[in-house]
Amino acid sequence: MDARAQLVMVFHLDKCLGCHTCSISCKNIWTDRRGAEYMWWNNVETKPGVGYPKKWEDQEIFKGGWVVDGNDLRLKALGKGPTLLNMFFQPNMPKLEDYYEPFDFDYGNLYGSREENDQPVAEAFSQISGRKIDVIRGGPNWDDDLSGSQLYASNDINLEQRGIVEDYGKMFMHWVPRICNHCLNPACVASCPSRAIYKRGEDGIVLVDQNVCKGWRFCTSACPYKKVYFNWDSGKAEKCIFCFPRTETGQCNACAHSCVGRIRYVGVLLYDAERVERALLRPDDQLVEAHRDVILDPGDPAVRDAARKNGVSDQWLDAAVQSPVYALVKEFGLALPLHPEFRTLPMAYYIPSLSPVLATLGDSHELMEHGVFPSVETLRAPLSFLASLLAGGNREVVAQVLGKLIALRAFLRAKNLHQPIDPEVLKKAGLDEAAALRIYRLFTIGGYDERNVIPAQQREEQDPHARSGESGFGILKKTGRGK
Amino acid sequence: MLNTFLFVVLPYAALALFAFVTPYRYFSNRLTWSAYSTQFLERKTLYWGSNSWHYGVIPVVVAHFFGIFAPDAMQSILANRQALILLESAGLGLGLFALFGCLVLIVRRLVTPFLGPVTTAGDWILLALLLFQTATGVYMGMFLRWGSQWYLHTAVPYFHSLLLFHPQAEYMSDVPMVFKLHAAGAFLIVALLPFTKLVHLLYVPFDFLKDPPILYRWRSPKAGG
């Protein structure tokens with residue numbers, strides 16, 4: 001057993017209100033720079049939708065992630081030899097149009113315009129070329145809240161029936177906030193010819209060493225989630241850093257901290273690095289189970305000993321025991337990985353959305369009798385859609401999770417209204433009263449310290465003398481093309 | 001006088017700049033060590049430009065170095081007339097390929113508005129120099145035949161004399177002007193290399209070929225390794 005620690009984020013999609021506050025706090029801190037205007041290390045997309053960059057989920061376009069080849073995993077895009085032969089032109093790289101042309105508005109004109117008959121306007125200009133943009137044709141959330149459904153939402157590859165988003169009676173949507181998943185088997189790391197991308201041993205955060213990166217750009221397409229971006233000014237790759245300067249000191253990531261819906265949970269998972277590869281060789285519909293198998297029980301003494309051997313401190317082990325992430329992902333099995341079939345073993349998990357808790361019956365939905373919850377099969381968000389998004393196509397796994405969420409609501413509704421509680425409701429869903437109350441607390445009234453259990457890095461135990469003077473003022477050197 | 005400047009002063013200045021500025025840049029600020037790809041902003045013409053340029057120029061440059069470091073082997077290969085003709089035509093073909101690529105890269109930067117903000121004076125100097133270098137090379141390939149052979153008796157012994165710190169510009173004094181310019185251009189490129197994005201060619205990804213796919217970095221010395 002090779003037990004290692006990983007910082008993981010869980011997103012409760014039912015609670016996401018699509019406000020984009022997470023994206024803004026991330027942008028303000030990390031990517032409000034030249035060359036990074038178009039990057040959204042954290043973005044929120046409406047599902048169904050084509051996302052950002054457009055159609056990122058379609059690996060026939062960008063060739064991201066891994067595929068099973070006999071008894072081995074290989075990158076879907078290029079092996080090592082072909083990578084070197086394609087160094088002068090990266091065939092799968094997403095281009096600017098796949099994201100959007102970043103723009104800003106000439107607010108100065110509102111003050112500086114000379115007196116005329118009409119009110120001055122702030123015209124849009126490109127943040128790359130500086131030229132005026134007459135018609136803005138795209139943005140990071142162009143299809144927000146199902147706008148332009150026929151163009152965008154109906155092209156969502158997870159949809160079985162495209163027409164569903166055009167029929168008011170059947171329409172559904174929810175939001176999916178996305179950051180870098182800090183995968184256990186990151187394809188970006190494997191694709192980097194410069195060996196600039198690495199996974200930190202202590203907390204599993206995947207980072208790009210800006211000194212080593214030469215800008216060959218294979219990572220930008222190898223990441224199936226399109227969460228590695230190319231800075232067009234500095235000529236290097238950049239990505240979400242899981243706010244490591246904050247998590248190292250025990251603070252929560254900016255996106256999670258600013259989350260209005262309090263949908264995010266951050267905590268430690270212990271996993272067995274030896275099981276990763278074997279887990280990923282399993283067929284698509286068994287990958288959620290494979291994910292759960294890789295995650296270790298932090299209460300097991302054998303696991304704790306193995307983790308200690310890898311330098312995981314007692315503070316981290318305690319955090320792993322209290323981890324809301326462990327509870328949601330493994331203990332209660334509520335959170336699912338985003339597109340596990342890309343086989344990077346993503347370490348961001350999503351609790352599927354139950355809402356709208358309205359059933360579709362016949363051609364249009366009917367409100368259910370007050371106090372009665374619909375069965376999983378008649379929910380408005382089709383099971384197949386959620387299964388394609390979060391379970392490698394396995395509907396059963398998603399149905400189990402939704403069943404738990406419905407049972408939880410039924411149980412708590414009865415409890416709050418002092419109605420007789422049917423113990424079978426929870427039992428059938430695989431929960432008991434203690435579990436239900438714990439989940440209820442995490443979902444609703446759990447405070448900051450319950451939702452985020454982040455142990456600080458203990459630098460005093462990590463060879464401090466060898467590393468003295470290494471950090472303090474950040475990067476003071478110049479980047480970019482020297483313009 | 002001109003010969004002394006072109007073949008003694010310039011080469012040593014170039015080599016000195018290369019030898020001292022390159023490590024200085026590497027150790028002082030590697031944040032600017034990049035090929036500064038523009039594929040993200042424009043990819044259609046880059047495909048033709050970049051591929052033609054690199055696949056054309058790399059074998060030709062390698063052949064130049066082969067001549068310098070293994071002149072005897074080269075000589076014995078070229079003694080075979082068929083091999084000579086084959087090599088000459090392949091070299092000329094690759095040169096034309098590179099020339100085409102270089103022209104595409106130049107035109108591309110001129111006509112694409114997006115590339116304005118990412119094009120520096122250094123890029124233009126470099127492109128102009130590389131165009132000049134490729135054009136003179138192709139010219140010699142066409143009009144001064146059997147260059148792969150006479151190169152071994154002019155430039156190669158001259159390079160050896162340079163590397164032994166006993167420069168003998170005489171080897172180069174009687175060659176055609178275009179050849180002199182071609183040699184001088186080469187030294188200019190070496191001199192500019194550490195100051196421009198050309199530094200990207202100093203990296204060959206050997207580690208990538210031998211490493212396991214997932215790279216870890218540990219802070220704590222007791223863990224993982």
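**Strand pairing, interface and cores**

β8(A) pairs with strand β1 (residues 216–217) of chain B in the parallel sense, over two bridges. Pairing requires at least two DSSP bridges between two strands. Strands (E, at least two residues) and helices (H or I, at least four) are DSSP runs numbered from the N terminus. Within this pair, A:R200 stands opposite B:R217 in β1(B). The model is predicted: local features need pLDDT of at least 70, side-chain atom pairs count only at pLDDT 80 or more, and totals for chains, interfaces and linings use all residues. Residues are numbered from 1 along each chain as its sequence is written, with chains lettered from A and ligands numbered from 1 in the order in which they are written.

Between the chains, 45 residues of chain A are in contact with 43 residues of chain B. Contact here means C-beta atoms, placed from the backbone, within 7 Å. On the side of chain A that touches chain B, β8(A) gives the largest share, three residues. That side divides into 13 nonpolar, 16 polar and 16 charged residues.

The largest nonpolar core has 135 residues. Such a core joins buried Ala, Val, Leu, Ile, Met, Phe, Trp, Tyr and Cys residues through C-beta atoms within 7 Å. Buried residues have 20 or more other C-beta atoms within 10 Å of their own. A:V10, A:L269 and A:L328 have the most contacts inside this core. Helix α15 (residues 395–416) of chain A supplies the largest share, eight residues. Another core, of 14 residues, lies apart from it and includes B:M140 and B:Y151.

Notes
A residue is buried if 20 or more other C-beta atoms lie within 10 Å of its own, exposed if 12 or fewer, and partly exposed in between; C-beta atoms are placed from the backbone. Two residues are in contact if their C-beta atoms, placed from the backbone, lie within 7 Å. Ala, Val, Leu, Ile, Met, Phe, Trp, Tyr, Cys and Pro count as nonpolar, Asp, Glu, Lys and Arg as charged, and the others, Gly among them, as polar.
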